[in-house]
Structures are given as C-alpha cells and as structure tokens.
Amino acid sequence: MATLETRGGPRAKWPLFVGALVLLGGLASVSVFRRTHAAPERPTDAEARLNVLALCDAVQSFRAEHGHYVMAGPTPRDVPKGGQAVPFPEDEAFHRLGFEPGEQVRFQYEVLVQESPVGEPEVSCLARGDFDGDGLNSLYRVRLDAHGMTGPIEVEREGE
C-alpha cells in the first residue's frame with residue numbers, strides 16, 4: 001500500500017502562518033483607520049426624545065412631592081443650531097426638578113404650565129433644536145394630563 005508523503009513537514013507551513021498574521025494585521029489597521037478617520041455621525045433626535053420624557057417624569061415627581069408644577073426654561077437661552085452641542089447652563093428651576101440632561105445638549109428645554117379652560121393645569125415639556133441650521137426648529141412635546149399621565153411624544157418639523 002502506498003503512503004502519502006508530505007513535503008517539508010511543519011517548516012512548510014511556517015510561511016503560511018506568517019502570511020496569515022500579516023493579512024490579519026493589515027485588516028486590523030484598516031479597521032482602526034476607518035474608525036478614527038470616519039466622517040462624523042449625523043446627530044439624531046434621540047437626545048430630545050429621551051430628555052423630553054425624562055423632563056416630564058421629573059415634573060410629575062416634583063408635583064407629587066410638592067403639590068404644584070414648576071415652569072422652567074427655556075434653557076439654553078438660544079436654540080442650538082446645526083446639530084452642534086452647546087453647554088447646558090446651571091438653571092435653578094431644572095435643578096429643583098432634578099432634570100440634568102448633561103454638560104452638552106443639542107436642544108433647548110422648557111416646561112410650560114398653563115391653565116385649561118376648565119381651570120386644570122396643562123403642562124407641556126418641550127425640546128427645540130435646529131439640526132440643519134436654517135432657522136426652523138424641530139419641536140418635541142410631551143403633555144401631562146390632569147392626572148399627571150404623560151401623553152405620546154408629538155413632533156413638529158422633525159429633522160429641521
């Protein structure tokens with residue numbers, strides 16, 4: 001019976017192993033280069049959606065503890081433009097509510113309290129932003145009903 005004989009033994013596999021390592025190293029370098037030199041990601045409205053809900057939760061918690069609603073904002077004073085993050089300044093009203101959106105924000109936040117025609121408070125939590133810098137603001141609103149329940153997120157001019 002004939003046996004199959006391999007040429008070179010383990011030494012013949014060494015160049016293949018080194019070649020595979022070089023190839024993997026090259027692929028890793030390309031991957032790192034792409035991540036560090038990629039175009040910046042386009043900002044999304046996730047910040048506004050999350051924070052406007054968190055703001056309404058903070059407003060409702062404050063009312064449950066203190067018995068009344070508090071107006072706050074608009075903060076920052078100017079609506080951020082072009083999706084650029086700006087510092088969120090210290091604001092006593094937001095601090096009392098426990099609303100801390102972070103050091104940098106891409107939206108202006110506000111709590112409006114108005115009286116309905118039947119004398120009940122109407123509360124709106126708002127986030128405004130101007131992603132494309134054209135002067136038209138996107139508006140994200142969550143309303144609290146008379147029982148303190150949050151409604152759905154309402155959006156006007158999404159992506160502006």
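Which residues form one aromatic cluster with Phe88? In this predicted model, select Phe88, Phe94, Phe99 and Tyr109, which together make up that cluster.

**The aromatic cluster**

The model holds seven aromatic pairs by the ring-centre criterion. Begin with Phe88 and Phe99: their ring centres are 6.4 Å apart and their planes meet at 85°, so the pair is edge-to-face. This pair links distant parts of the chain, eleven residues apart. Phe88 lies in the loop between strand S2 (86-87) and helix H3 (92-97), while Phe99 lies in the loop between H3 and strand S3 (104-105). Phe88 is buried at 13% relative accessibility, and Phe99 is buried at 4%.

**Thr150**

Next, select Thr150, in the loop between strand S6 (138-144) and strand S7 (154-156). Its relative accessibility of 38% makes Thr150 partly exposed. Beyond its neighbours within four places in sequence, Thr150 contacts Cys56, Asp57, Val142, Arg143 and Leu144. Show Leu53 as well: its C-alpha is 8.1 Å from that of Thr150, although the two residues are 97 apart in sequence.

**Confidence**

Finally, colour the chain by pLDDT. The average is 80, and 72% of the residues score at least 70.

Methods: Residues numbered from 1 in each chain as written. Predicted model: local features only at pLDDT ≥ 70, side-chain atom pairs only at ≥ 80, totals over all residues. Heavy atoms only, no water. pLDDT = per-residue confidence, 0-100. Helix = DSSP H or I, 4+ residues; strand = E, 2+ residues; numbered from the N terminus. Buried < 20%, exposed > 50% of the residue type's maximum accessible area, 1.4 Å probe, protein only. Contact = heavy atoms within 4.5 Å. Phe/Tyr/Trp six-rings, centres within 6.5 Å; stacked < 30°, edge-to-face > 60°.
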